[in-house]
Amino acid sequence: MTTIMLPKFAGATFPKPLRLWAVPIASMLLIVADRAFGGIGGIQANMLAAIAIVIAGIPHGTLDIEIAAAHFGQNGLSGKAKILGSYIGCAAAMVMLWLWLPECALISFLFISIIHFSRDWRGGADPFLAMMVGWALVALPALASPDEAAAIFAALTGSENGAVIAALLGAASVPAALGSLVFAYWAFRNDDAQSALEVLACIIAALFLPPLVAFAVFFCGLHSPRHMADALRETGALSPVKKLVIIAAVSALSLGLGVLMFLYQGKVPTDMGVIRAAFILISTLTVPHFILEHLMSNRQPA
C-alpha cells in the first residue's frame, strides 16, 4: 500500500489514555444519553452543536497569518498585510458565493471539507483511504438522519435544492463508510489503535446522533484540538502573550461577523438561523484556511 508520511500532530503529546479513549467514550455517552433520556435529537440539539462547532473551530485558524508569514518568509508588516489581504479576499469571495449561488457554495464547502478532514488521517495511511474517512465524516450524517440533513441544507440554500444535495450526499456515503472501515482495519493491523478507534467512534456517532452533534464529536473532539496544538507549536517564536492577544482578537472579530450574518439573513426561525449563520461562518473561514494549508504543504519553508 502506498503511503505518505506527514508529521505527527502535536496532540500526540497528550496522555495516551486520553488520546485513545476520550472521543470513543464521549460518543458512547452521547448515544446512551440520547437513547435513555432523549433530548439530544431535534433542531435545538443541532443548534447547540453548531454553536459548539463555531466556538471550537474559530481559534485553530486564528494564527494562520503568523504561520504563513513565517513559512513564506514574509515576516515584515507589508508581507503580513499581503497575506491578510489574500486571506480576507478568499473569505469575502465565499460570502459572495453564498449570497449569489448558495447551492454552489454548499457543494464547494462539502468538497473542501472532505479533502481538509482527510488530512487528519494521513499519518502513514494510503491517501485514498484517508479521503474515504474525510468523505464519510461529511456524508454519513445525511444518510443516517436524512430529514434533519435535508432541513439544514434547505435552510442553507433557501430552496429545496438543498434537500436534493443532502439526498445525493447520503447516497454517496456508503462507499465512504466501507472505505473508513478498511482504514480502521488497516490502522489496527499497523499498530495504530488510536486512529482506528477514533474513526470507528466518529462513524458510530454519525450513524446514531443528529447530524451536527455527530460532526461536533469529530470537529470539537479531534480536528480543532489537533490543529490548535499544531498552530501553537508552529508559532513557537511568538510570546505566549502575543499569541493570546491574536487568538482573542481574531476570535472576537470572527464571532462578530457571525452575529452580523445571523442578524441580516432575513426571516428565518431563530434555531435554524443560528445553524445557518454558524455554517456559513465556518465555511467562510475554512476556505482561506484550507487554501493556505494546501499552499504551505506544496512549498518548503523559506
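Which residues in α4 meet which residues in α5? In this predicted model, Met94, Leu97, Trp98 and Trp100 in α4 meet Pro102, Cys104, Ala105, Leu106, Ser108 and Phe109 in α5, where contact means heavy atoms within 4.5 Å. By class, the residues of this contact divide into 9 nonpolar, 1 polar and no charged. Ala, Val, Leu, Ile, Met, Phe, Trp, Tyr, Cys and Pro count as nonpolar, Asp, Glu, Lys and Arg as charged, and the others, Gly among them, as polar. Helices (H or I, at least four residues) and strands (E, at least two) are DSSP runs, numbered from the N terminus.

Residues are numbered from 1 along each chain as its sequence is written. Because the model is predicted, local features need pLDDT of at least 70 and side-chain atom pairs count only at pLDDT 80 or more, while totals for chains, interfaces and linings use all residues; side-chain values use heavy atoms, with hydrogens and water left out.

The axes of α4 and helix α5 (residues 102-118) are 5 Å apart, and the two helices pack at an angle of about 130 degrees. Axes are lines fitted to C-alpha atoms, for helices over the stretch in contact, and angles run from 0 to 180 degrees between N-to-C directions. The two helices, α4 and α5, are therefore oblique to each other; angles under 35 degrees count as roughly parallel, over 145 as roughly antiparallel, 65 to 115 as roughly perpendicular and the rest as oblique.

Helix α4 (residues 77-100) also packs with α3: their axes come within 10 Å and cross at roughly 130 degrees. This pair, α3 and α4, is likewise oblique. Asp64, Ile65, Glu66, Ala68 and Ala69 in α3 meet Lys80, Ile83, Leu84 and Tyr87 in α4. The contact of α3 with α4 has 6 nonpolar, no polar and 3 charged residues.

Threonine 62 lies in the loop between α2 (43-57) and α3 (64-71). With a relative accessible area of 5%, threonine 62 is buried; buried means under 20% relative accessible area, exposed over 50%, and partly exposed in between (1.4 Å probe, protein chains only). A polar atom of the threonine 62 side chain lies 2.6 Å from the backbone oxygen of proline 59. Not counting residues up to four places away in sequence, threonine 62 touches Ile246, Ile247, Val250 and Ser251.

Another threonine, threonine 284, is placed in helix α13 (residues 270-297). Threonine 284 has a relative accessible area of 2% and is buried. Leaving aside neighbours within four places in sequence, threonine 284 is in contact with Ala91, Met94, Val95 and Met261.

Alanine 125 is found in the loop between α5 and α6 (127-144) and counts as buried at 1% relative accessibility. The C-alpha atoms of alanine 125 and methionine 28 are separated by 26 Å, the two residues being 97 residues apart along the chain.

Leucine 207 lies in helix α10 and counts as partly exposed at 39% relative accessibility. Not counting residues up to four places away in sequence, leucine 207 touches Leu140 and Ala144. Leucine 207 and isoleucine 31 are 9.9 Å apart in space, C-alpha to C-alpha, and 176 residues apart in sequence.

Aspartate 191 is located in the loop between α9 (173-189) and α10 (193-208). Aspartate 191 is exposed, with a relative accessible area of 75%. Although aspartate 191 is not a glycine, its phi is positive, at about 60 degrees.

Note on methods:
A polar contact is a pair of N or O atoms within 3.5 Å; within protein, one must be able to donate a hydrogen and the other to accept it, and residues adjacent in sequence count only if both atoms are side-chain atoms.
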